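Trainee: I would like to go through this model with you. Can you put it on screen?

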Amino acid sequence: MLLPSLVIKVMLIWFIVFFIFSQIMIERKWLSTKYTDLRLLHLFMASIALIIVAIVIGILIKLPVFIIGTVTIFCSSVLSWKYLAL
């Protein structure tokens, strides 16, 4: 019973740290200009494609919540930044 609780806590800490790191990446412009110069619709479609790839990879390596959560946090951070920059 202790192990699932510990795994959930570690994943939550990872998601919070990764969210902060993704915000730093966006603010310091560490992302490729190929990715950030996309129009909002194309960025949205690229985010959906990345999440679908993350679903497949997460299922294959048997860590779906961790992989999908990480990619979704990153994509949503970039999308919100792009939306607010308009």
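Trainee: Which residues of H3 are buried?

Mentor: This is a predicted model, in which local features need pLDDT of at least 70 and side-chain atom pairs count only at pLDDT 80 or more, while totals for chains, interfaces and linings use all residues. Residues are numbered from 1 along each chain as its sequence is written, and side-chain values use heavy atoms, with hydrogens and water left out. Helices are DSSP runs (H or I, at least four residues; strands are E, at least two), numbered from the N terminus. Buried means under 20% relative accessible area, exposed over 50%, partly exposed in between (1.4 Å probe, protein chains only). On that scale, the buried residues of H3 are Leu 43, Ser 47, Ala 54 and Gly 58.

Trainee: Within what arc do the buried residues of H3 fall?

Mentor: Look down the axis of H3. The arc is taken from the directions from the helix axis to the C-beta atoms. The buried residues line one face of the helix, because they fall within an arc of 45 degrees.

Trainee: Which exposed residues sit on the face of H3 turned away from its buried side?

Mentor: The buried side of H3 packs against H2 and H4, with contact meaning heavy atoms within 4.5 Å. The face turned away carries the exposed residues Leu 41, Ile 59 and Leu 60.

Trainee: How far apart are the end C-alpha atoms of H4?

Mentor: Start with the expected span: 1.5 Å times one less than the number of residues. For the 22 residues of H4, that should be 32 Å. The model agrees, since the end C-alpha atoms are 31 Å apart.

Trainee: What is the nearest side chain of opposite charge to Lys 82?

Mentor: Lys 82 belongs to helix H4 (residues 64-85) and is buried. Lys and Arg count as positive, Asp and Glu as negative; His and the chain ends are not counted. A salt bridge needs a side-chain nitrogen of Lys or Arg within 4 Å of a carboxyl oxygen of Asp or Glu. Lys 82 has none; at 5.6 Å, the nearest side chain of opposite charge is Asp 37.

Trainee: Which backbone oxygen lies 3.1 Å from a polar atom of the Lys 82 side chain?

Mentor: Set aside residues up to four places away in sequence, and Lys 82 touches Thr 36, Asp 37, Leu 38, Leu 40 and Leu 43. One of these residues supplies the oxygen at 3.1 Å: Leu 38.

Trainee: What is the phi of Lys 29?

Mentor: Lys 29 is in the loop between helix H1 (2-27) and helix H2 (33-36). Lys 29 is exposed, with a relative accessible area of 69%. Although not a glycine, Lys 29 has a positive phi of about 60 degrees.

Trainee: And what is the phi of Lys 62?

Mentor: Lys 62 is found in the loop between helix H3 (40-60) and H4. Lys 62 is exposed, at 68% relative accessible area. This residue is not a glycine either, yet its phi is positive, at about 65 degrees.

Trainee: What separates the C-alpha atoms of Ile 26 and Phe 74?

Mentor: Ile 26 is in helix H1 and counts as buried, at 6% relative accessibility. Beyond its neighbours within four places in sequence, Ile 26 is in contact with Leu 31, Ser 77, Val 78 and Trp 81. Ile 26 and Phe 74 are 48 residues apart along the chain, and their C-alpha atoms are separated by 9.8 Å.

Terms used:
Polar contact = N/O pair within 3.5 Å; in protein donor to acceptor, adjacent residues only side chain to side chain.
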